[in-house]
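Please look over the sequence and the structure shown here before reading on. The report that follows goes through a few of the features in turn.

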Amino acid sequence: MPLSFERLIRNASSLQHHHGVDSTDAPAPDDNDNNHNHQRKEDYRGFVFVHHHQHGLLLLKCTRKRNKPIHYQLPGGHVDDAEFEDAAKRHSERAVQLQMAAANGCARELFEETGIDVRQSLERRLKIVQLHNGNGGGEQKQVVQNGLKHRMFYLLQVTDEDFFAPQDADGDGATGTGTSCINSTTELTSPECGGPKELMLKLSVEHAGFRFEKSAERCLGLLQHHSGGKVATALRMACASEGENEDD
């Protein structure tokens, strides 16, 4: 059965109502300080599937990796020490600490890389992606939540209002629609590959462009070089029917 973004969206759950993480990704029970110290040592990363209902998945174009060809990435990156420390102050349960830290890291990276700002509304807008792990590799069949190999995955459903518009680059201190303030020197970028030119982003220097992709199957190929192939694996797991096997 073809992969479908509809399954990813249908199975995702709100941060407001769900704080669990895969037990294989969470550290062993311990006191509060040791928990967040262990998580920091493990170098967790968070990534966001940014999906527009009409245009598809948002992909960032990367041309700056020396040992990789030009490829596409999801917004996201490393979870900072400060995010783990803040989560440890707010909650004592190790799994919730990890979820909170990774979600905050994702929101920060998303803003830095695209200008889309959900930092003040992440508990309402970011959703936990459900990853379905089959019986591959001889492991016991299990359903994981949003953790895979120390990478945490979230879903953000966006509308036109979350993007900058061409007029936002004009004037002093213009406001990006639904996002953040920018000034007249900020360069805005339109999507490649025939995407809607009126939906613009404020890209970081590490990305040379962006595109939308409606096909989950095509996204797998575009993302194969991102984060050692783990992002493509997570996408396949999230978009697969429940009960389908995944050999990673």
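## Terms and model

Strands are DSSP runs of E with at least two residues, and they are numbered from the N terminus, as are helices, which are runs of H or I with at least four residues. The structure is a predicted model, and the features described below should be read with that in mind.

Arg-211 belongs to strand β11, which covers residues 209–213. With a relative accessibility of 13%, Arg-211 counts as buried, because the limit for that class is under 20%. In sequence Arg-211 and Leu-57 are 154 residues apart, whereas in space their C-alpha atoms are separated by 8.2 Å.

## Aromatic residues

Five aromatic pairs are found in the structure. One of them joins Phe-210 and Phe-212 in an edge-to-face arrangement, with 5.9 Å from centre to centre and 85° between the planes. Phe-210 and Phe-212 are both buried. A single aromatic cluster is formed by Phe-47, Phe-49 and Phe-153.

## The largest pocket

The largest pocket has a volume of about 340 Å³, and its lining is made up of 19 residues, among which Lys-65, Gln-73, Gly-76, Glu-206 and His-226 lie nearest the centre. By residue class, this lining divides into three nonpolar, nine polar and seven charged residues.

## Helix α4

Helix α4, with 21 residues, reaches 30 Å from its first C-alpha to its last, which is close to the 30 Å expected at 1.5 Å a residue. Because 18 of its 21 residues are buried, α4 is largely enclosed by the rest of the structure. After α4 comes Gly-115, a residue whose phi is positive, near 90°.

## Cysteines

A disulfide is a covalent bond between the sulfur atoms of two cysteines. When a pair of cysteine sulfur atoms has to lie within 2.5 Å to be counted, the number of disulfides in this model comes to zero.

Cys-62 counts as buried, because its relative accessibility is 4%, while Cys-193 is exposed, with a relative accessible area of 55%.

Terms used: Residues are numbered from 1 along each chain as its sequence is written. This is a predicted model: local features need pLDDT of at least 70, side-chain atom pairs count only at pLDDT 80 or more; totals for chains, interfaces and linings use all residues. Side-chain values use heavy atoms; hydrogens and water are left out. On a 1 Å grid over the protein atoms alone, a cavity is a set of points where a 1.4 Å probe fits but cannot get out, and a pocket is an open set with protein on both sides within 12 Å along at least five of seven lines; lining residues have an atom within 4 Å of a point. Grid points are joined across faces, edges and corners, and a volume is the space filled by probe spheres set on the points. Ala, Val, Leu, Ile, Met, Phe, Trp, Tyr, Cys and Pro count as nonpolar, Asp, Glu, Lys and Arg as charged, and the others, Gly among them, as polar. The expected span of a helix is 1.5 Å times one less than its number of residues. Buried means under 20% relative accessible area, exposed over 50%, partly exposed in between (1.4 Å probe, protein chains only). Rings of Phe, Tyr and Trp (its six-membered ring) pair if their centres lie within 6.5 Å; planes under 30 degrees apart count as stacked, over 60 as edge-to-face and the rest as tilted.
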